[in-house]
Amino acid sequence: MRLTQPELAPAPHAVSRLRTARLARSAKPFLARGGIKGERCPGCRLVLSHCLCGLRSVVPTHAGVCLLMADIEPLKPSNTGWLIADVVPDTFAFGWARTEVDPALLALLADPQWQAFVVFPGDFVEPERVVRTVQTPDVGKRVLFILLDATWPEARKMFRKSPYLDKLPVLSLHPEQISNYKLRRSRRDDHFCTSEVASLCLDLAGETHAAHTLQAWLEVYTHHYLQSKHQLPPDLEGAAHSQLRGLTLA
């Protein structure tokens with residue numbers, strides 16, 4: 001399970017590339033509060049003794065995911081948008097700023113192959129924009145889920161101050177389960193981490209295998225992260241790994 005050669009790390013995906021670009025603009029090194037210490041694998045962000053790159057399972061999907069990420073989200077080891085890009089090949093990632101927008105993001109939203117939905121609570125949106133289900137897209141189109149990857153206060157600001165999203169339908173989720181995310185604390189059990197939201201969206205789009213794989217990948221990553229934080233070895237025969245292996249072999 002130990003990463004012994006740099007070339008074993010997977011090729012950088014969209015979130016990894018965004019992280020590299022954000023680090024290049026930093027005036028000082030980013031230090032995660034209370035995080036794990038030591039040299040990290042560039043492919044999974046974990047210390048080398050707990051690297052899980054060899055367990056990564058990419059699941060081709062017809063649906064895509066677009067992450068609009070608050071300024072330091074790509075830098076946080078606990079960010080789960082990274083996990084979405086691990087599993088879903090067509091994951092796009094853009095940094096968000098109030099005063100400017102990446103032209104590549106506007107080009108993506110204008111691309112006729114995509115039928116985009118902004119994923120956001122319907123309570124904060126005009127009723128006529130809100131949808132609860134994902135309809136089969138028109139012929140030649142694919143569903144693109146736009147997720148605001150940020151803290152809840154940041155996400156609300158991003159939603160209000162992104163006029164290029166104003167004409168898009170808003171997918172409002174009402175999941176019944178309680179969030180299992182353990183890497184950051186939330187005051188509410190119905191606040192889901194970004195990868196959990198993506199799993200729910202993929203399930204709505206009929207991408208059941210990808211949805212379950214992403215959820216299992218979150219569980220495995222969480223286990224490795226917490227075990228490394230407490231200087232304990234990962235349990236490779238535990239429930240999380242068994243579930244992921246079953247999905248990988250399916």
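The model is a predicted one, in which local features need pLDDT of at least 70, side-chain atom pairs count only at pLDDT 80 or more, and totals for chains, interfaces and linings use all residues. Residues are numbered from 1 along each chain as its sequence is written, and side-chain values use heavy atoms, with hydrogens and water left out.

I begin with the salt bridges. Side chains of opposite charge can pair when their charged atoms come close. The term salt bridge here requires a side-chain nitrogen of Lys or Arg within 4 Å of a carboxyl oxygen of Asp or Glu. The whole structure holds five salt bridges.

One of them joins Arg56 to Asp86, at 4.0 Å from N to O. For burial, the terms are buried (under 20% relative accessible area), exposed (over 50%) and partly exposed (in between), with a 1.4 Å probe and protein chains only. Asp86 is buried because its relative accessible area is 2%, whereas Arg56, at 22%, counts as partly exposed.

A second pair is Glu73 and Lys76, at 3.0 Å from N to O. Glu73 counts as buried at 2% relative accessibility, and Lys76 counts as buried at 17%.

In a further pair, Glu237 and Arg245, the closest N and O atoms are 3.4 Å apart. Glu237 is exposed, at 61%, and Arg245 is partly exposed, at 37%.

I close with the patch. Which residues form the positive surface patch? They are Arg98, Arg156, Lys157, Arg160 and Lys161. Patch residues have over 30% relative accessible area and no salt bridge, and like charges are joined within 9 Å. Arg160 counts as exposed, at 57% relative accessibility.

Technical notes: Patches are made of residues with over 30% relative accessible area and no salt bridge: like charges are joined within 9 Å, nonpolar side chains (Val, Leu, Ile, Met, Phe, Trp, Tyr) within 5 Å. Accessible areas come from the Shrake-Rupley method with a 1.4 Å probe; for residues, only the protein chains shown count as cover. Lys and Arg count as positive and Asp and Glu as negative; His and the chain ends are not counted. The place of a charge is taken as NZ of Lys, CZ of Arg, CG of Asp or CD of Glu.
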